[in-house]
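Dear colleague,

I am handing over the structure below, and I would be glad if you kept it open while you read. The notes that follow it go from the whole chain down to single residues.

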Amino acid sequence: MNYDYAKIAKEVIQAVGGSENIKSAAHCATRLRLIVADRSLADDEKVGEIDAVKGTFFTAGQYQIIFGTGHVNRVYEQITQLGIAETTAREAKEAKMDGKNQIQKAIRTFGDVFVPVIPALVATGLFLGLKGALLNDNFLALFGMTNADIPHTFQVLVDVLSGTTFAFLPAIVCWSTFRVFGGSPVLGLILGLMLVNGSLPNAYSVADPSSGVTPLMLFGIIPIVGYQGSILPAFVAGVIGSKLEKKLRKTVPAVFDFMITPFLVLFVMLILSLLVIGPLLHALENVLLVIVEYALELPLGIGGLIVGFFWSIITLTGVHHIFNMLEISLLASTGFNPFNAILCMCGFSSAGVCLAISIKARKKEIRAIGPSATVSALLGIGEPALFGVILRYGMKPFLLSCSINGIAGMIAMLLGMKGTGNGITTIPGMLLYIYKPSQLIMYVVLALATFITAFCLCWFFAVPPEVMETEQTAKTAKKESPKPAPAPFPAVLGSAAQGTFVSMEEIPDPTFSQGVLGTCCGIEPETGKVYAPMDGTISQLADTLHAVGIEAGGVELLIHVGIDTVAMKGDGFRSHITEGQNVKKGDLLLTIDLDKIKAAGHPATIMVIVTNSDDLTSVEASASGKLKPGDPLMRLQA
């Protein structure tokens, strides 16, 4: 179909709110990206009715209109001819945080770090919930059993399933932080593993007075312990470490960079983490422990109000494991643990807020993460809900949850609720209250009231506007019949790079993960070389060199390097081909600088998209794990 691109450009400008509402424009291989002054002036329905438009969504501060290859560049040319300025790289970066204050920016960045960790935490939450419920002494007593009756081998396997993620959580957080802040993720991973090295005293053991494990003391005054289960210390170490690495990359001579930079980053950050960050947080732990012990003795449930309100904030610091000492002390002296009741209600509150956001949200990402994070919170692991949903898009849901935590904690103290153990909360925590019918009834009633109140208040007053932004796509127009090509039909597409396979659903961009442009998959590259997945003709080469089109045998292929890398305007990209050139499978197409892409803050995932997959009988991924160039990636049937 022949389109009037000048007419399309005028209609786009009008539908988006006029030229005065468009600050600047840019485009990638598939999308027109407009930075607008007022998002509400853009009429999504009117834009979706324009010729050649396949969908729209608003993300990263940009109003993005999907046109597809071969159309977007022509629409962009007409847009700029009508007086719309070209978007600079700085404008694109600033647009991502447009309208956000410093706290919101920090929270969003923290969320970006934590989101990749959520699936592991959700799985661990399920394991821990089952462990707490089934291997609890109160539950086993119903069958006349104790933990001593459980086979040791079974207990070890359960401990591996439920303990690994939290034991190595600092390593995962350090890895993700380095990735987000432009450092080398592998250095972050090694640094994080150093912080939980078995030679260091285990943080959980140090917090248990009965373990006999004490901190190492440097110079007799500086305590040194491991970081097991910690989040904020690993995050801080990751931020400082990644910035140090980038600084060294610029100053260390290239001939020594490969050896000197990793050495200095790991050495400096390990010393800084163990001798400065760790001791400061250890001192904070001791102060918090004294404050909480004092608060629990206050009359009228005030202690529950204080502890409940601040519990999620304490969790953010990563020092909450120190309160195991308090719980054990309470159990040893009185046989009961009132602190547990407060923590249980905090879990139900977080679950209610998380579920409300998840159900009401239109953002696909939240709708995918939220339900599993809610289940995890109901089983006693609140980090996925806290970091992946509640905190990610603003403070309002978080402060609402804190307030409900405080009120529920105060009520628990006034009712005299107290468990017979520690270590399990929320639904599994009910087992600590079955010793007395009145305690169990109070627990269930207060838990339901807390969950329902949190859900309703969040639903009506605290769902972040950002999660309500729909990633709207229009119905895909019928594709043009592909032009015959001299190359044969490619039944098997080869890997375009050396790296790790990424399924379509895991690609961190809705245009690709939802298959808007066609069935696709990705490769997380380990080297900076991109190869042809099939024989064919180069049908398109983006001016910014981040996207290449290939046609062969009725197949239209798009290779897209990185997410939002169009903003780099070709910096770090080198082409080895030209439009119209015939290539063979395995020919080198592009050379890319992975370090520059990461330093610019963009995921480097290479997407291979069959843009006319609707015209084919079958397009299926056939890869997994590690890939070498040319390894089978996708199988096609005409």
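Helices (H or I, at least four residues) and strands (E, at least two) are DSSP runs, numbered from the N terminus. On that basis, the protein chain holds 23 helices and 20 strands.

Please bear in mind that this is a predicted model, in which local features need pLDDT of at least 70 and side-chain atom pairs count only at pLDDT 80 or more, while totals for chains, interfaces and linings use all residues. Residues are numbered from 1 along each chain as its sequence is written, and side-chain values use heavy atoms, with hydrogens and water left out.

Of the 638 residues of the protein chain, 51% count as buried, a word that stands for under 20% relative accessible area (1.4 Å probe, protein chains only).

A nonpolar core is a set of buried Ala, Val, Leu, Ile, Met, Phe, Trp, Tyr and Cys residues joined through side-chain atoms within 4.5 Å. The largest has 70 residues, of which Met 345, Ile 357 and Cys 458 touch the most other members, and H16 gives the most to this core, with nine residues. A second, separate core of 40 residues includes Phe 501, Val 530, Phe 573 and Ile 592.

Helix H16 spans residues 338-360 and contains Ala 351, which is buried, with a relative accessible area of 0%. If neighbours within four places in sequence are left aside, Ala 351 is in contact (heavy atoms within 4.5 Å) with Thr 374, Ala 377, Leu 378 and Phe 451.

With best wishes

How values were computed: Buried means under 20% relative accessible area, exposed over 50%, partly exposed in between (1.4 Å probe, protein chains only).
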